[in-house]
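The sequence and structure come first.

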Amino acid sequence: MNVDIGNALDGDLGLARDDLDALDDRVADAHDRIERGRAEAEHGYAALNLPETCDPHAVRRAADGFDPDHLLTVGIGGSALGAATLTDALGTGVDCRYLDNVDPAWVRAILDDVDLSETVVNVVSRSGTTAETLSNFLVVREAMDAAGVDWTERTVVTTGEAGNLRSMADRHDLPAVDVPDGVPGRFSALSTVGLFAAEVAGVDVDALLAGAADEAERLAGSLFESPAYAYGATTYALAERGAATNAMMPYAESLERFAEWFAQLWAESLGKDGRGQTPARALGATDQHSQLQLYRAGPADKLVTLVRPREADDVGIPETDLEGLSYLGGSSLGELLDAEFRATEASLAAAGRENVRIEIDRVDERGLGELLYAMEAACVLYGELAGVSTFTQPAVEWGKNAARGLLGGGEFPEADAVTEKRRLEVE
Ligand SMILES: O=P(O)(O)OC[C@H]1O[C@H](O)[C@H](O)[C@@H](O)[C@@H]1O
């Protein structure tokens, strides 16, 4: 993976090469801290050891014997987005669905759409207590019963040592995959959490971890020597100068979920103590025809991260005699996409709008392993530089607890009262 930060310098936000040189000492200190955390397998930092510590055999053993048409992953947040990123980009043959939300109409539509007798269910929750996941799973279980399918034969549980899900797995003797210690959900794509779905969907998990391992080896005490840290340090430095938004814009349809995964990683890890950077999800070239207007001509408070694979399969554009379109004939969709990418980069740079280019060779296992690992390391570095507690999520937990309370199961049943006082309805 390669990161080009040239277009992040000397733009409207005024970040200069000298500023990055000055920041590099702090990057070296942060790198030392990260390495200590990795060596001690401290909570969160342990995620950066996954290329070495993850045991792909555990997911292989759990997946062994299943050859489903559909894989239904029931999980939310970090327990779904990593797997979805991998199977969307690299999955072959198996129809992978993700029950993360609890929108009833949507859940019903998915259950009506899949053949439950040809479905494997992977219910994933690190804590084993998340209301959305457990509720969705109870609904799936009932649907399987109603369809005459023995759910205990088709369910694999991925969870921690304790929690409701672990008890259920024990009670019904379900195959269970352990969530590794010290790895928060949003950093778990390259662990058993993300890899079970990937394995079932035919992804080469070893190649994925090898890509991540390559990127791990490139972590170094200077942002100029490590692509991951170049990205983490640059995004931090720009955020300090007012880049409140980071628009993640991959130029590959298969990476659309990657932007969603990145949004959780960035928002939940770095949004603390009044700091952080709002991740926006974009997709090239589609969003050149919508969001780009804002990115180039709206407030100068954004960074655009452009991601592209250097190589991809291509489709030729047929010759045409349509007036004004002859320049397209003989070219290809890939060349057009590449031209769009370069045009966006140039368009932003010409307007003084900061952007960073990230390139992987291909959207394949190696490329994804590199990309996901590098974004995680970048995020950890940013968190160190900003002095935030990257691996906690108290604000999310407040809402989780409040929702449980409103249903009668939590410590905070009075959540409605907070908003009730503040309502100002216009009818
Ligand atoms: O895996 P679980 O324990 O079910 O958690 C799923 C999600 O729940 C919370 O919202 C956390 O903030 C997320 O980081 C986590 O990924």
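Asp273 is exposed, with a relative accessible area of 67%. That is over the 50% cut-off for an exposed residue. The model is a predicted one. Asp273 belongs to the loop that joins α11 and β8. Its phi is near 55 degrees, a positive value although the residue is not glycine.

Asp173 also deserves a look. Its phi is near 55 degrees, again positive in a residue other than glycine. Asp173 sits in the loop between α7 (164–172) and β6 (176–178). Its relative accessible area is 68%, so Asp173 counts as exposed.

Why do such angles stand out? They do so because most residues other than glycine have a negative phi. Most peptide bonds, likewise, are trans.

Ala285 is placed in the loop between β8 (278–281) and α12 (292–297).

How many residues surround the ligand? The count is 14. The closest are Ser79, Ser125, Ser127, Thr130 and Glu268. Sorted by class, the shell holds 8 polar, 4 charged and 2 nonpolar residues.

| Residue | Protein atom | Distance to a ligand oxygen |
|---|---|---|
| Ser79 | side-chain N or O atom | 2.6 Å |
| Arg126 | backbone N or O atom | 2.7 Å |
| Gln264 | polar side-chain atom | 3.4 Å |

The protein covers 88% of the ligand's accessible area, which is 390 Å² for the ligand on its own.

Some details tie these parts together. Ser79 is among the closest residues to the ligand, and its side chain supplies an N or O atom at 2.6 Å from a ligand oxygen. Arg126 takes part through its backbone, whereas Gln264 uses a polar side-chain atom. The loop between α11 and β8 holds Asp273, with its positive phi.

Methods
Residues are numbered from 1 along each chain as its sequence is written. This is a predicted model: local features need pLDDT of at least 70, side-chain atom pairs count only at pLDDT 80 or more; totals for chains, interfaces and linings use all residues. Side-chain values use heavy atoms; hydrogens and water are left out. A residue is near a molecule or strand if one of its heavy atoms lies within 4 Å of it. A polar contact is a pair of N or O atoms within 3.5 Å; within protein, one must be able to donate a hydrogen and the other to accept it, and residues adjacent in sequence count only if both atoms are side-chain atoms. Accessible areas come from the Shrake-Rupley method with a 1.4 Å probe; for residues, only the protein chains shown count as cover. Ala, Val, Leu, Ile, Met, Phe, Trp, Tyr, Cys and Pro count as nonpolar, Asp, Glu, Lys and Arg as charged, and the others, Gly among them, as polar. Helices (H or I, at least four residues) and strands (E, at least two) are DSSP runs, numbered from the N terminus. Buried means under 20% relative accessible area, exposed over 50%, partly exposed in between (1.4 Å probe, protein chains only).
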